[in-house]
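Hi everyone, thanks for making time.

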Amino acid sequence: MKKIALILASVFTSTGAAFAGPYVNVESNASYTGSDYQSRTTDFHVGWEGGSDKFGYYLQGGPAVVAADAADGSTQFSGKVGADFDATEKLAFYGEVSVLTAEGNADNAWGTKIGTKYKF
């Protein structure tokens, strides 16, 4: 799966001005309950970002390696889309929607993030 992400990244970056801002993002997230390890998901994403002075956006996706405690690992697809808006020089708002596909007849996992940032 790493090879697929690297190949896609090279295709995006070699096309020049056709894309506003291609990138590769590798992110690993672990989950614990107390000190008990539950799972780890590592995303190998290729993305595209753009925007203006006050507005930014991104879209990324690719394979996700899921390793749950005491279970066989699997490779799923994950993706994210997000945006941010600078209301003033000090105040910004942001949001994100993410998805992780599931195996078999299980439901996909969806996530949302919304927030604000104030700079001093």
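Let me start with a question: does Lys-119 count as buried, partly exposed or exposed? At 43% relative accessibility, Lys-119 counts as partly exposed. Before I go on, please keep in mind that this is a predicted model.

While we're on Lys-119, let's see where that residue sits. You'll find Lys-119 in the segment that comes after S6. Leaving aside residues up to four places away in sequence, Lys-119 touches Glu-89 and Lys-90. There's also Ala-92: Lys-119 and Ala-92 are 27 residues apart in sequence, and their C-alpha atoms are 8.6 Å apart in space.

Okay, let's zoom out. The chain has one helix and six strands. If you read along the sequence, you get the pattern α-β-β-β-β-β-β. There are 120 residues in the chain, and buried ones make up 24% of them. The accessible surface comes to about 8100 Å², and 59% of that belongs to carbon and sulfur atoms. One more overall number, on contacts: take those between residues at least 6 apart in sequence, and 37% of them join residues at least 24 apart.

Now the sheet. What order do the strands take? They run S1-S2-S3-S4-S5-S6, in an open sheet of six strands with antiparallel pairing. At the edges you have S1, residues 22-33, and S6, residues 109-118, and each of those pairs on one side only. On average, neighbouring strands in this sheet are turned by 20° against each other, ignoring direction.

S1 and S2 are antiparallel and share 12 bridges. If you want a landmark there, Tyr-23 stands opposite Gly-47 in S2. The hairpin of S1 and S2 has two residues between the strands, and Gly-34 in that hairpin takes a positive phi near 65°.

Next comes S2 with S3. S2 covers residues 36-51, and it pairs with S3 in the antiparallel sense over 11 bridges. Asp-43 has Ala-64 in S3 as its bridge partner, Val-46 has Gly-61, and Trp-48 has Leu-59. The hairpin that joins S2 to S3 goes through three residues.

Then S3 with S4. S4 is residues 74-86, and S3 and S4 pair over 12 bridges, again in the antiparallel sense. Here Gly-56 has Asp-84 in S4 as its bridge partner. In the hairpin of S3 and S4 there are five residues between the strands, and Ala-70 takes a positive phi near 60°.

On to side chains. How many salt bridges does a search of the whole structure find? The search finds one. The side chains involved are Lys-80 and Glu-27, at 3.0 Å from N to O. Lys-80 lies in strand S4 and Glu-27 in strand S1, so the pair ties together parts that are 53 residues apart in sequence. The two partners fall into separate burial classes. Lys-80 has 13% relative accessibility, so that residue counts as buried, the cut-off being under 20%. Glu-27, at 26%, counts as partly exposed.

Last stop is the surface. Which residues make the nonpolar surface patch of about 450 Å²? That would be Trp-48, Phe-55, Tyr-57, Phe-85 and Phe-93. Tyr-57 has its place in S3, which spans residues 55-68.

How values were computed:
Residues numbered from 1 in each chain as written. Predicted model: local features only at pLDDT ≥ 70, side-chain atom pairs only at ≥ 80, totals over all residues. Heavy atoms only, no water. Patch = residues over 30% accessible without salt bridge, like charges linked within 9 Å, V, L, I, M, F, W, Y side chains within 5 Å. Areas by Shrake-Rupley, 256 points an atom, 1.4 Å probe, with all protein chains shown as cover. Salt bridge = Lys/Arg side-chain N within 4 Å of Asp/Glu carboxyl O. Helix = DSSP H or I, 4+ residues; strand = E, 2+ residues; numbered from the N terminus. Pairing = 2+ DSSP bridges. Axes fitted to C-alpha atoms, helices over the stretch in contact; angles between N-to-C directions. Buried < 20%, exposed > 50% of the residue type's maximum accessible area, 1.4 Å probe, protein only. Contact = heavy atoms within 4.5 Å.
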